[in-house]
Amino acid sequence: MSDEHFSKPKEYAAGLPAVTSSLRHVFGKAGVARGTKALLDLNQVGGFDCPSCAWPDPDRDRAHAEFCENGAKAIASEAMAKTIGREFFAAHPVAELMAQSDAWHDLQGRLAEPMLLREEATHYEPVSWDEAFKLISEELRGLDSPDEAIFYTSGRASNEAAFLYQLFVRAYGTNNLPDCSNMCHESSGLALRDAIGIGKGTVTLEDFLEAEVILCVGQNPGTNHPRMLSTLEEAVDRGAQLVAVNPLKEAGLLGFAHPQHLRGILGKASPLASSYLQVKVNGDMALFRGVAKALVAAGTIDHEFIREHADGYEVYRSLLEATSWQDIEELSGIGRDKIEELATLLGAGERRVITCWAMGLTQHRNAVATIREIANVHLLLGAVGRPGSGLCPVRGHSNVQGDRTVGIFEKMPEWFLAALEKQAGVPIPREHGYDTVASILAMHEGRGKVFFALGGNFAQATPDSTFTAAALGKCRLTCHVSTKLNRSHLIHGRRALILPCLGRSDEDGGQLVSTENSMGVVQSSQGRLKPSSEHLLSEPEIVARLAEATLGDAGNIRWRWLVGDYDRLRTWIEAVIPGFDRYNERIREPGGFYLPNAAKERVWNTTNQKANFSAAPLDAFQPAPGRLLLQTLRSHDQFNTTVYGLDDRYRGISGMRDIVFLNPQDLTEIGVKPGHRIDVTSHWSDGERHLNGFRAIPYDMPRGLAAAYFPEANVLVPVGHVAEGSNTPASKSIEVSITPSRA
Ligand SMILES: Nc1nc2c(c(=O)[nH]1)N[C@H]1C(S)=C(S)[C@@H](COP(=O)(O)OP(=O)(O)OC[C@H]3O[C@@H](n4cnc5c(=O)[nH]c(N)nc54)[C@H](O)[C@@H]3O)O[C@H]1N2
Ligand SMILES: Nc1nc2c(c(=O)[nH]1)N[C@H]1C(S)=C(S)[C@@H](COP(=O)(O)OP(=O)(O)OC[C@H]3O[C@@H](n4cnc5c(=O)[nH]c(N)nc54)[C@H](O)[C@@H]3O)O[C@H]1N2
Ligand SMILES: [Mo]
């Protein structure tokens with residue numbers, strides 16, 4: 001049998017195949033000794049924080065192996081002993097590397113030394129750290145305005161690295177601090193800040209164990225947050241009902257075979273979701289409005305909570321009355337009976353309800369309004385700040401939440417900027433900077449001239465790949481602090497630099513860093529593996545040396561001194577940001593500490609000091625007749641743009657990524673057989689975009705929808721198609737037409 005095939009999707013996640021897959025990746029890439037050491041340290045008290053997702057570790061009683069298959073793959077990729085340095089780059093011109101796949105890039109090994117691509121050069125060549133910092137600082141000082149420089153961050157940077165980085169960027173004179181969060185949970189942050197006064201979730205792991213109902217909406221935890229399945233399994237064991245809301249049947253929501261329990265290894269899956277609503281893509285706002293309508297009609301709402309804590313109920317209630325069931329059914333694709341059934345479930349008992357969500361909600365044009373609608377339902381139920389209940393945006397990158405807490409944001413509030421200015425003793429700019437989409441446009445229009453990235457893979461993670469590549473190509477300098485080779489090193493400005501850094505699992509001269517998980521717990525992380533190359537620097541060290549070269553010590557800032565002992569950096573964070581009291585002491589306590597969460601205490605830090613209902617007009621993104629709605633999603637063998645392999649086991653896919661999932665009847669209507677080639681065209685006001693020769697794969701999903709993998713399908717996402725308010729690319733609602741391939 002060939003490697004490439006598709007078969008019946010799985011009906012449960014994990015089990016023995018997850019264990020064998022983990023070990024194959026870890027031992028295959030990192031070697032047995034290095035791999036075992038890495039796995040034993042992963043997510044243990046005193047060990048390092050898993051660089052994969054942001055799902056929290058249990059506060060105590062950690063299982064020996066608190067890791068999952070995909071955490072193991074992330075470690076295998078990072079802990080590779082193989083390195084690439086000057087010989088590798090001398091042997092492979094940039095054009096040749098560009099022709100290789102993302103999966104091939106990841107297999108080459110860890111970046112070993114700083115590399116420079118000179119103007120018009122075909123190959124990267126080695127450069128010393130000092131020369132690299134000198135070159136960047138000269139470019140930065142040569143700009144007409146600091147606002148011509150853009151400083152991106154990906155969510156793996158530690159609190160310490162991220163805090164120092166934003167201090168450097170702001171002391172240099174700009175708030176141009178776009179980050180991966182702009183493409184991820186920005187819509188959640190914005191919606192929750194206006195609804196409940198904090199842009200974060202309000203639950204802890206304990207809440208899951210007390211919940212009566214858990215809604216899992218627009219999220220594929222079996223692949224993207226596998227450790228969440230253990231929590232869900234335990235919650236279901238304790239009697240919680242799990243309701244999945246997802247257009248696709250995802251194995252990880254149907255059932256779970258715990259890879260650390262004998263029952264699970266033997267393939268005995270615990271059934272998870274007790275009901276599975278196959279909503280239309282972008283039909284969630286209608287679904288939740290229907291739930292709210294049914295709750296209000298039945299009177300099973302928390303009148304006392306609404307009276308005491310909430311604002312805007314009367315307006316919202318009139319809106320519910322004015323919304324017809326016909327619209328709700330049509331836009332959501334779910335029948336009134338099913339919606340009323342869900343409302344009955346939510347309104348029963350003590351209304352201990354948790355709603356979790358991820359990219360299936362945040363990456364739509366009306367994402368902010370949709371998340372506000374979910375918050376509305378929770379306010380009706382009084383299900384915020386009551387044990388066993390709350391809102392739970394499930395974060396992606398392991399420290400994306402912490403990076404935002406410590407200042408990675410193009411529009412940090414005034415209190416933060418003022419406190420930073422006081423601490424630093426240098427002027428801090430107040431004008432808002434560019435987010436990710438605004439950065440792409442600025443570079444394209446020549447207003448952004450130097451692009452610097454602390455981690456990530458900007459060229460490949462952003463929308464409209466061809467447009468974004470052209471934007472980066474116009475820069476005078478593109479520069480990446482990275483662990484592994486990626487496409488952003490190859491889609492470059494006039495000159496380009498690769499600055500190789502230590503990863504989470506690497507030992508950093510005995511220093512520890514910290515991260516904040518999806519539930520606001522700040523924990524220490526300390527790598528213990530011998531770095532794969534002697535030329536690697538830590539991220540804080542790189543930032544400090546660049547800052548020193550560019551700005552010199554100024555005000556109260558002594559860059560080298562600050563990174564000489566990360567405790568000093570933590571003291572600064574403590575001085576600027578509330579909630580970090582006794583940071584250095586508490587970070588060394590097992591399990592770390594929780595940051596304060598006012599909404600959990602029913603204190604609402606909104607402008608009116610209330611929790612707020614929203615009353616947005618109901619809508620859903622509707623493609624023109626004959627067209628489909630395409631979403632871009634992750635396979636089981638990738639971490640964002642890092643592709644570990646070509647399988648998507650739970651969806652029954654082996655050996656390929658050039659595919660589009662479709663409803664079987666749509667396949668027939670398009671006139672292709674399963675596995676045959678199709679051409680996909682996306683439509684937007686500024687023209688068409690194309691992805692040709694992909695294979696059509698039948699899948700259990702509603703009609704009129706299509707799904708393809710990120711990042712291959714990013715060429716189809718128009719840069720101007722964004723969520724209202726949050727400016728997040730709407731990469732889950734792309735209007736496309738599909739025809740049999742002409743090739
Ligand atoms: N192994 C692994 N782990 C990861 C990542 C990874 O790439 N690999 N990435 C990390 C990051 S940064 C993030 S943000 C998270 C992402 O975690 P997820 O959000 O789970 O990631 P996606 O693959 O984008 O999945 C989107 C899910 O939403 C569904 N969906 C799409 N549109 C809609 C809709 O309109 N309504 C509803 N109800 N559902 C919809 C899709 O069918 C799919 O199941 O995972 C993190 N963890
Ligand atoms: N179409 C579409 N586009 C999307 C999405 C989607 O669902 N659909 N999802 C969006 C989301 S949710 C996100 S979060 C973004 C992700 O966007 P990014 O965060 O920019 O992308 P990643 O693929 O996570 O970055 C991977 C690279 O990070 C580097 N790296 C890994 N570990 C470290 C480290 O410890 N330090 C440093 N300095 N570098 C490191 C490696 O070189 C690796 O190649 O993509 C977004 N783009
Ligand atoms: Mo993300």
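Domain 1 and domain 2 bury about 450 Å² between them, and 38% of that area lies on carbon and sulfur atoms. Of the area that domain 1 buries against domain 2, 77% is supplied by Pro51, Ser77 and Glu78, more than any other three residues supply. The model is a predicted one.

**Domains and their interface**

- The domain assignment divides the protein chain into domain 1 (17-78), domain 2 (83-176 + 414-501 + 537-564), domain 3 (186-393) and domain 4 (628-740).
- Taken over C-alpha atoms, the centres of domain 1 and domain 2 are separated by 29 Å.
- The contact between these two domains involves four residues of domain 1 and five residues of domain 2.
- The size of an interface is often expressed as the accessible area that is lost when the parts come together.
- Between domain 1 and domain 2 there are zero salt bridges, whereas four residue pairs are in polar contact across the interface.
- On the side of domain 1 that touches domain 2, the residues comprise one nonpolar, one polar and two charged.

**Helix H3**

- Helix H3 spans residues 69-78 and is mostly covered, with ten of its ten residues buried.
- Among the buried residues of H3 are Glu69, Lys73, Ile75, Ser77 and Glu78.
- Ser77 and Glu78 also belong, with Pro51, to the three residues that supply 77% of the area domain 1 buries against domain 2.

**Backbone features in loops**

- Most residues other than glycine have a negative phi, and most peptide bonds are trans.
- Phenylalanine 710 and proline 711 are joined by a cis peptide bond, for which omega is about 5°.
- Proline 711 is located in the loop between strand E30 (705-709) and strand E31 (734-740).
- Asparagine 727 lies in the loop between E30 and E31, and has a positive phi of about 60° although it is not a glycine.
- With a relative accessible area of 25%, asparagine 727 is partly exposed.
- Aspartate 464, also a residue other than glycine, has a positive phi, near 50°.
- The position of aspartate 464 is the loop between helix H25 (458-461) and helix H26 (465-473).
- Aspartate 464 counts as buried because its relative accessibility is 3%, and buried means under 20%.

Methods
Residues are numbered from 1 along each chain as its sequence is written. Chains are lettered from A and ligands numbered from 1 in the order in which they are written. This is a predicted model: local features need pLDDT of at least 70, side-chain atom pairs count only at pLDDT 80 or more; totals for chains, interfaces and linings use all residues. Side-chain values use heavy atoms; hydrogens and water are left out. Buried means under 20% relative accessible area, exposed over 50%, partly exposed in between (1.4 Å probe, protein chains only). Helices (H or I, at least four residues) and strands (E, at least two) are DSSP runs, numbered from the N terminus. Domain bounds come from an automatic or database domain assignment. Contact means heavy atoms within 4.5 Å. Buried area is the accessible area (1.4 Å probe) that two parts lose on being put together, summed over both. A salt bridge is a side-chain nitrogen of Lys or Arg within 4 Å of a carboxyl oxygen of Asp or Glu. A polar contact is a pair of N or O atoms within 3.5 Å; within protein, one must be able to donate a hydrogen and the other to accept it, and residues adjacent in sequence count only if both atoms are side-chain atoms. Ala, Val, Leu, Ile, Met, Phe, Trp, Tyr, Cys and Pro count as nonpolar, Asp, Glu, Lys and Arg as charged, and the others, Gly among them, as polar.
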